[in-house]
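Let's take a walk through this fold together. Have your viewer ready, and we will go from a helix pair to the packing around it.

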Amino acid sequence: MDERVSMDKLREFFRQLPDQNIIQITLSNTRDAEKASKVKVRPVLIRGRICFQETLFRGTQVFHTNLEREELEGRLAGYMEGLFRQAQISCACLEASVLVSRKGAVSIKTKKREGQGGEELPDMSHDRSKRYILPEGEPVDFLVSLGVQTPDGKVVRAKYDKFRQINRYLEFIEDVLEKLPAGRTIRIVDFGCGKSYLTFGMYYYLNRIQGRDTRVTGLDLKADVIGRCSRLAEELHYDGLRFRQGDISDYEDAEKVDMVVSSTPATRPRTMPWRRP
């Protein structure tokens, strides 16, 4: 069905999309690439509630925002009214395309998905054997800068083990997320951060994906490594991430730390009180 509608009707169309049947919504054909080149939205299950994760692409940067159901309709309509000219909606029961002309005329084309019988409901359980926290095909600024991804989001073949290691590490962080303080800055120190693939990933997950006010300090003995990591954090505007050269015994802010992590392969990040040795 192809129908020309007003922006109010489009907002109503977005409102009526069934939560559990949405697979993915992609907004494209941007009016201003400096603001965003593309946005993807998919349902996720967070602490037993259906929310919607927005992934916004801007150049090589990717920004994640979790939306409540009541926010979704206004968010999508606002994007279509001011920034994007095309939306592709994939649900278990239908496929839909929304086009906005240069004069602001809105058309919606829908097509029922025959014979699906609910078989293609999205997996919102974060099945870790199939879905990564940082998914393949979506460029993440620190992964691109560290050579794990190409600028278009493809994982470099030689770095695939590192890509999986980072995602596995973030699953550990996800497991302790509810134990971290809410309503104030989270303070974390990473002892022996090395080249800091995992340190950058931890900061990105907590600050950019979860939207938590986070201060992460990476500590390592190698001055050249600390220098490179500090420059990259500055280039990426990771304002809450800093690196210091030093030993565990030299760390001065022990009383303020909420979580201590070590980047050795056998160590899981844990919330724990920290006392200087």
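Which residues in α4 meet which residues in α5? Keep in mind as you look that this is a predicted model. On the α4 side you will find Lys162, Gln165, Ile166, Tyr169, Leu170, Ile173 and Glu174, and on the α5 side their partners are Tyr197, Leu198, Gly201, Met202, Tyr205 and Leu206.

Now for the geometry of the pair. The axes of α4 and α5 lie 9 Å apart, and the helices pack at an angle of about 50°. Angles from 65 to 115 degrees would count as roughly perpendicular and those under 35 as roughly parallel, so α4 and α5 are oblique to each other. Their crossing is right-handed.

Next, step back to the wider packing. The largest nonpolar core has 43 residues, and the members that touch the most others are Leu134, Phe142, Phe200, Met202 and Tyr238. Several elements give two or more residues to this core: the helices α3 (141–145), α4 (160–175), α5 (197–209) and α6 (223–235), together with the strands β9 (186–191), β11 (241–245) and β12 (259–262). The most comes from α5, with nine residues. Apart from this core lies another, of 30 residues, which includes Val41, Leu83, Phe84 and Ala96.

Finally, zoom in on Tyr238. Setting aside neighbours within four places in sequence, Tyr238 is in contact with Asp141, Phe142, Phe200, Tyr203, Tyr204, Arg208 and Ala233. Two of these partners, Phe142 and Phe200, are listed with Tyr238 among the core members that touch the most others.

Technical notes. Residues are numbered from 1 along each chain as its sequence is written. This is a predicted model: local features need pLDDT of at least 70, side-chain atom pairs count only at pLDDT 80 or more; totals for chains, interfaces and linings use all residues. Side-chain values use heavy atoms; hydrogens and water are left out. A nonpolar core is a set of buried Ala, Val, Leu, Ile, Met, Phe, Trp, Tyr and Cys residues joined through side-chain atoms within 4.5 Å. Buried means under 20% relative accessible area, exposed over 50%, partly exposed in between (1.4 Å probe, protein chains only). Helices (H or I, at least four residues) and strands (E, at least two) are DSSP runs, numbered from the N terminus. Contact means heavy atoms within 4.5 Å. Axes are lines fitted to C-alpha atoms, for helices over the stretch in contact, and angles run from 0 to 180 degrees between N-to-C directions. Angles under 35 degrees count as roughly parallel, over 145 as roughly antiparallel, 65 to 115 as roughly perpendicular and the rest as oblique. A crossing is left-handed if the near helix is turned anticlockwise from the far one by less than a right angle, and right-handed if clockwise.
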